[in-house]
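Hi everyone, thanks for making time. I'd like to walk you through one model today, so let me put the sequence and the structure up on the screen.

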Amino acid sequence: MLSRVADALYWMARYSERSQSNAHILQVQLLNMLEQSGKENEYIDHWEAVLNICASKEEYLTLYESIRVNPLIEYLLFSTNNGNALHATLRAVRENARVTRDSIPIELWELQNAFYLSLQQDILERERPIPLIVLNSFYKNVRKTSLTVTGLIEGSMDRDVPFYFMQVGKWLERTEKTIRMALIILEQHKEIAISLVEADGSFLLDLSEATESYLQKHRQTNLQCVLQYLLQDKHFPRSVMFCLQKLEEAFICLENDPLSAKFLELHAPLKSLLFAILNVDVWNSTLEETILLMEERLCQCIDFGNTFSTIYHLYEPSVQP
């Protein structure tokens with residue numbers, strides 16, 4: 001396979017997963033805001049968490065004076081200064097699908113193209129600020145399209161090199177996002193000096209699409225229990241453990257020679273990360289120790305992604321030479 005095709009498939013999968021995840025996070029916060037009927041000060045902490053999960057608070061504050069809802073929505077959805085804005089990631093998905101349309105099902109390219117063109121007409125041309133009910137509908141459409149894309153990929157693509165490049169991208173992106181969400185929420189609780197047992201983990205469950213699955217198995221929603229579930233549950237498809245196991249499966253299928261240089265260089269750090277997640281002990285760790293563990297695991301995950309990209313010559317569009 002040509003390197004540029006592998007590059008586009010990998011980044012299409014990463015941006016698609018990022019778009020779906022960010023749309024869900026923004027929808028969760030939008031619904032929280034509607035339930036609190038305009039009491040901005042009561043949900044601004046949650047907006048700060050959303051900002052740090054989906055983008056960067058520091059970068060945002062170089063462009064805007066304070067964290068207010070309307071400019072924040074504009075920044076997270078449409079700003080050309082934000083490479084992770086929803087419009088930017090959806091455009092990247094469509095562009096990478098266009099480049100790889102000979103390697104993916106034709107329906108997948110048609111779906112991505114049609115959705116992006118409808119986005120141009122339905123959202124971008126609207127007068128700002130966009131009504132919240134319209135935004136809610138938009139987030140739903142992003143998620144619905146992403147789920148359809150997932151079904152198309154799973155149901156119609158050959159289990160071959162293109163498929164496995166996309167799988168590595170998808171599971172790597174999801175692993176990073178779950179760890180990042182946990183880390184940001186932990187840091188917020190550190191600021192108000194509250195322990196893991198006392199802290200409520202409901203918001204983290206909502207952000208990570210885990211509420212329904214978690215409540216079928218557990219009753220307590222303190223942050224300690226929630227954190228263990230999101231890190232180590234082997235059956236929930238957004239837990240770090242589940243994502244890493246799927247990532248390892250995809251990588252082994254992609255590079256099926258266990259003696260190749262690529263396999264040896266990448267498999268050891270992946271196994272190390274899996275082992276580290278398996279041995280995270282939230283029951284006997286303080287909040288500060290847990291934050292440090294999450295920072296280390298996030299760095300491990302990012303390092304693996306960087307090494308994988310370097311070895312296979314997969315360069316993110318914004319840093320392409």
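**A walk through the chain**

Let's start at A268, which lies in helix α13, residues 261-278. Helices here are DSSP runs of H or I with at least four residues, strands are E runs of at least two, and both are numbered from the N terminus. A268 counts as partly exposed, at 49% relative accessibility. For that scale, buried means under 20% relative accessible area, exposed means over 50%, and partly exposed is in between, with a 1.4 Å probe and protein chains only. From the C-alpha atom of A268 to that of L298 the separation is 17 Å, and these two are 30 residues apart along the chain.

A word on how to read all this: it is a predicted model, so local features need pLDDT of at least 70, side-chain atom pairs count only at pLDDT 80 or more, and totals for chains, interfaces and linings use all residues. Residues are numbered from 1 along each chain as its sequence is written, and side-chain values use heavy atoms, with hydrogens and water left out.

Now step back to the whole chain. How many helices and strands are there? The chain has 14 helices and zero strands. Its C-alpha atoms fill a box of roughly 55 × 50 × 40 Å along the principal axes. The radius of gyration, taken over C-alpha atoms, is 20 Å, which agrees with the value near 20 Å for a compact globule of 321 residues; the globule rule is 2.2 Å times the number of residues to the power 0.38. Of the 321 residues, 53% count as buried. Contact means heavy atoms within 4.5 Å, and among contacts with a separation of 6 or more, residues 24 or more positions apart account for 67%.

What about the inside? In soluble globular proteins, nonpolar side chains tend to be buried together. In this model the largest nonpolar core has 110 residues, and those with the most contacts inside it are W47, L76, L77, L86, F138, F308 and Y312. Such a core is a set of buried Ala, Val, Leu, Ile, Met, Phe, Trp, Tyr and Cys residues joined through side-chain atoms within 4.5 Å. Take L77: leaving aside neighbours within four places in sequence, L77 is in contact with L26, A85, L86, H87, L135, F138 and Y139.

Staying inside, please find T145 in helix α7, residues 132-156. Is T145 buried or exposed? T145 is buried, with a relative accessible area of 12%. Beyond its neighbours within four places in sequence, T145 is in contact with L111 and F115.

R128 and P129 are joined by a cis peptide bond, with omega of about -5°, and P129 sits in the loop between α6 (106-124) and α7. E209 is not a glycine, although its phi is positive, about 55°. You'll find E209 in the loop between α9 (202-207) and α10 (211-215), partly exposed with a relative accessible area of 25%. H313 also has a positive phi, about 60°, although it is not a glycine. H313 belongs to the segment after α14 (287-312), and H313 is partly exposed at 44% relative accessible area.
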